[in-house]
Amino acid sequence: MELRWVREDTPVWDADKKRVIGGAPDGAFVIPFADGEELPGEWWSVRDGDPGSDAVVGYGRLDTTWGGDAEILLAVDPDRQRQGIGSFVLAGLEAEAAARGINYIHNRVREHAQRDLVHDWLVVRGFRGPLDGDLRKRVRAGGRAPREVRRPAQPSEPYDVGADPGGRAPGHEEQGGYVDVDEHRY
Amino acid sequence: MSTDPRTGPAPSPTGPLSKIDYSERIPNNVNLAEDRRLQRALEGWQPKFLDWWKTLGPALPTRDVYLRTAIAVGRDGWAHFDHVPMEEYRWGIFLAEANPDRVVNFGKHKGEPAWQEIPGEHRADLMRLIVVQGDTEPASVEQQRILGNTAPSIYDLRNLFQVNVEEGRHLWAMVYLLHAYFGREGREEAEQLLKRNSGDVDSPRILGAFNEETTDWLQFFMFTYFTDRDGKYQLGTLKESAFDPLARTCEFMLKEEAHHMFVGTTGVQRTVERTAQVMKELGTADRDAVLEAGAIPLDIIQKYLNFQFAVSMDLFGSEQSTNAGNYYSSGLKGRWQETRRKDDHVLLDDTRMMNYVEDGEIRQKEVPMLSALNLDLRDEYAADCANGVRRWNQELEDAGLEERLTLPHEGFNRRVGAYAGHHVSPSGEVLDEATWEQRAGDWLPSPEDRRAVAALMVPEYEYGKFAGWIAPPKTGINDQPVEFDYVHLAEEGVA
């Protein structure tokens, strides 16, 4: 699989975003936009295939509210999950943030059916924060944004989140769940 | 009286003069003694704050400093001045007077009573706003830690320390809100405010400009003029918040912040005044000649101005932000002088123009107002910044010189927002990479410029005397003479 990171110079609410972002579980995103409406923030799409292909499989967005931290939005095509695309988007957003001198990225997981899993997914990737509050991660300044990355970040699932509905997994370590020391960097 | 056509006249002063309780371990006007649990939690945080102050606060040992301390939160007679050992400064919790009839003035809750508790759906957003604001307060103290070693006068040294202790108090203001309204998570965030440090590789302060090193006093003055002014505008938007304790906290912080603006405005003005004197005496603006005469050349002052304005503009974030719009609609964060704006205070149907770069040109497009509130605030800020530049230029005009300082274009040297990734000259010309690389040294301070300024930063600790690169102020602090003993250094105590 070859993934490409493509900046959207004039992001609008379109069919691909409806399919990818609108395909998330109910409540995961607030989508107040009308068809064709221009979108605030900086957007990137992830495309699978040769240059020129329109097969969008994910989106990332940075919303820099104050200079120094930015909220991320990350969405993966519902039919293409568990293939490392989310990790690819996150790596892209971190690099873009670092290139802008941003020190921290943050995200809040809204209440929806897979909230615990998404929260844990972010915690495994270095975010810190409560389930119902801000999750924050330090990004390194001085990085270069990946204009065209030919190899995706390898999927790095230390456990099968889908097979762990009881929550004894990363993010639930206080209850004795599995902890991947390397991923958590304790 | 306001001359801005968008706003009405300034509101009449209101509010009684309430006293602050200094008999408590933590001075306050929030009846802390009636909430023992909160009081204990804050008393638990207090020694950690003092440890931080001793470790990362001002490095120059002093016996005591002539500082102002808030004794009331009304509009008049609010401060007391006296010599105080800095580590014994009474950092406390002061909120502006409550208005029991206060309502939300904007957004979808417009007209409803202001909130005394936090609605659950806004808890995370409000905590983020308070954490980011709180993170900037100790950051500037850390940035300015060693400046006392090169103070141009005892008067300026005192002003530096006044700014430092009040930034420390502003940290207290935010920590109070975190402890009082956000439970365990708030207490954890309050701990983190002391653990992140300016410039720390692993755990830096959140906002970019608060991780830049304050290398010398010219940068300190530029920082207090441009970057503290960003703080003024952010506080001004939080002062409008539907969450009343936050609004009242920020209203009082703004009162203290005014002194920080004064330090920046007059600091640069006195620097320019001295440079103008030297230029006039020499009959030249030649950089080496001015440096040789012990003043800071105007072109270096301009470069420092360019740099600090640009990094401070970045603090406002992207021109368009969904979060900023959501904060407004939810009532969390208003606009500068919200209640004086002549519109519907909801903004759902409003638009405005925004600059962006396309095909090597700066163009304009119409965008929804709600998405562009960062830009709205930044524009207010930039207009305010221009006032100081006019004041500084008055010094040059008074000296009969033709040279002038200018505020650079909003797109100059930007890393955040619509201009990020583009190169724009101070006059607003979009440049290619090669031209930028060739010219950037003319517009931004080089290491050599900073070294030249640093070489002039020789401490002057004799009362009433001033380093050669800066003119004395016209008056002292709190009607004291300029030569007043504002600071007693530690060596005096030993001697």
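Helices, of at least four residues, and strands, of at least two, are DSSP runs numbered from the N terminus. The legends below refer to a predicted model.

**Figure 1. Val6(A) in strand E1 of chain A.** Strand E1 of chain A spans residues 3-8 and includes Val6(A). Val6(A) counts as partly exposed because 16 C-beta neighbours lie inside 10 Å, and a residue would need 20 or more to be buried. When neighbours within four places in sequence are left aside, the contacts of Val6(A) are Trp44(A), Ser45(A) and Arg47(A). The C-alpha atoms of Val6(A) and Val56(A) are 9.8 Å apart in space, and the two residues are separated by 50 residues in sequence.

Figure 2. Read from the N terminus, the order of its elements is β-α-β-β-β-α-β-α-β-α. Of the 186 residues in chain A, 39% are buried. Among contacts in chain A with a separation of 6 or more, 62% join residues 24 or more positions apart.

**Figure 3. The contact between chain B and chain A.** On the side of chain B, 24 residues take part, and they are in contact with 20 residues of chain A. Two elements of chain B, H2 and helix H9 (322-330), each give two or more residues to the side that touches chain A. The most comes from H2(B), which gives 4 residues. By class, this side of chain B comprises 11 nonpolar, 9 polar and 4 charged residues.

**Figure 4. Packing of helices H2 and H4 of chain B.** Two packed helices are described by the angle between their axes and the distance between the axes. For helix H2 (residues 123-143) and helix H4 (residues 183-195) of chain B, the angle is about 25 degrees and the axes are 9 Å apart. H2(B) is therefore roughly parallel to H4(B), since angles under 35 degrees count as roughly parallel. The crossing of this pair, H2(B) and H4(B), is right-handed. H2(B) contributes Met127(B), Val131(B), Gly134(B), Asp135(B) and Pro138(B) to the contact, while H4(B) contributes Glu185(B), Gly186(B), Glu189(B), Leu193(B) and Leu194(B). The contact of H2(B) with H4(B) is made up of 5 nonpolar, 2 polar and 3 charged residues.

**Figure 5. Packing of helices H5 and H10 of chain B.** Helix H5 (residues 217-238) and helix H10 (residues 373-398) of chain B have axes that come within 10 Å and cross at roughly 140 degrees. This angle makes H5(B) oblique to H10(B), because roughly antiparallel would require an angle over 145 degrees. The crossing of H5(B) and H10(B) is right-handed. From H5(B), the residues Tyr225(B), Phe226(B), Arg229(B), Asp230(B), Tyr233(B) and Thr237(B) meet Leu377(B), Glu380(B), Tyr381(B), Asp384(B), Cys385(B) and Gly388(B) of H10(B). This contact of H5(B) with H10(B) has 6 nonpolar, 2 polar and 4 charged residues.

**Figure 6. The nonpolar cores.** In soluble globular proteins, nonpolar side chains tend to be buried together. The largest nonpolar core in this model has 144 residues, and Ile130(B), Val175(B) and Met222(B) have the most contacts inside it. Helix H3 (residues 154-181) of chain B supplies the largest share of this core, with 15 residues. Another core lies apart from the largest one and has 8 residues, including Val118(A), Trp121(A), Val124(A) and Phe127(A).

**Figure 7. Positive phi at Asn31(B) and at Asn413(B).** Most residues other than glycine have a negative phi, and most peptide bonds are trans. Asn31(B), a residue other than glycine, has a positive phi near 55 degrees. Asn31(B) belongs to the segment before helix H1 (36-56) of chain B. With 10 other C-beta atoms within 10 Å, Asn31(B) is exposed. For Asn413(B), which is also not a glycine, phi is positive at about 55 degrees. Asn413(B) is placed in the loop between H10 and strand E5 (423-424) of chain B. Asn413(B) counts as buried because 22 C-beta neighbours lie inside 10 Å.

Definitions and conventions
Residues are numbered from 1 along each chain as its sequence is written. Chains are lettered from A and ligands numbered from 1 in the order in which they are written. This is a predicted model: local features need pLDDT of at least 70, side-chain atom pairs count only at pLDDT 80 or more; totals for chains, interfaces and linings use all residues. Axes are lines fitted to C-alpha atoms, for helices over the stretch in contact, and angles run from 0 to 180 degrees between N-to-C directions. Angles under 35 degrees count as roughly parallel, over 145 as roughly antiparallel, 65 to 115 as roughly perpendicular and the rest as oblique. A crossing is left-handed if the near helix is turned anticlockwise from the far one by less than a right angle, and right-handed if clockwise. Two residues are in contact if their C-beta atoms, placed from the backbone, lie within 7 Å. Ala, Val, Leu, Ile, Met, Phe, Trp, Tyr, Cys and Pro count as nonpolar, Asp, Glu, Lys and Arg as charged, and the others, Gly among them, as polar. A nonpolar core is a set of buried Ala, Val, Leu, Ile, Met, Phe, Trp, Tyr and Cys residues joined through C-beta atoms within 7 Å. A residue is buried if 20 or more other C-beta atoms lie within 10 Å of its own, exposed if 12 or fewer, and partly exposed in between; C-beta atoms are placed from the backbone.
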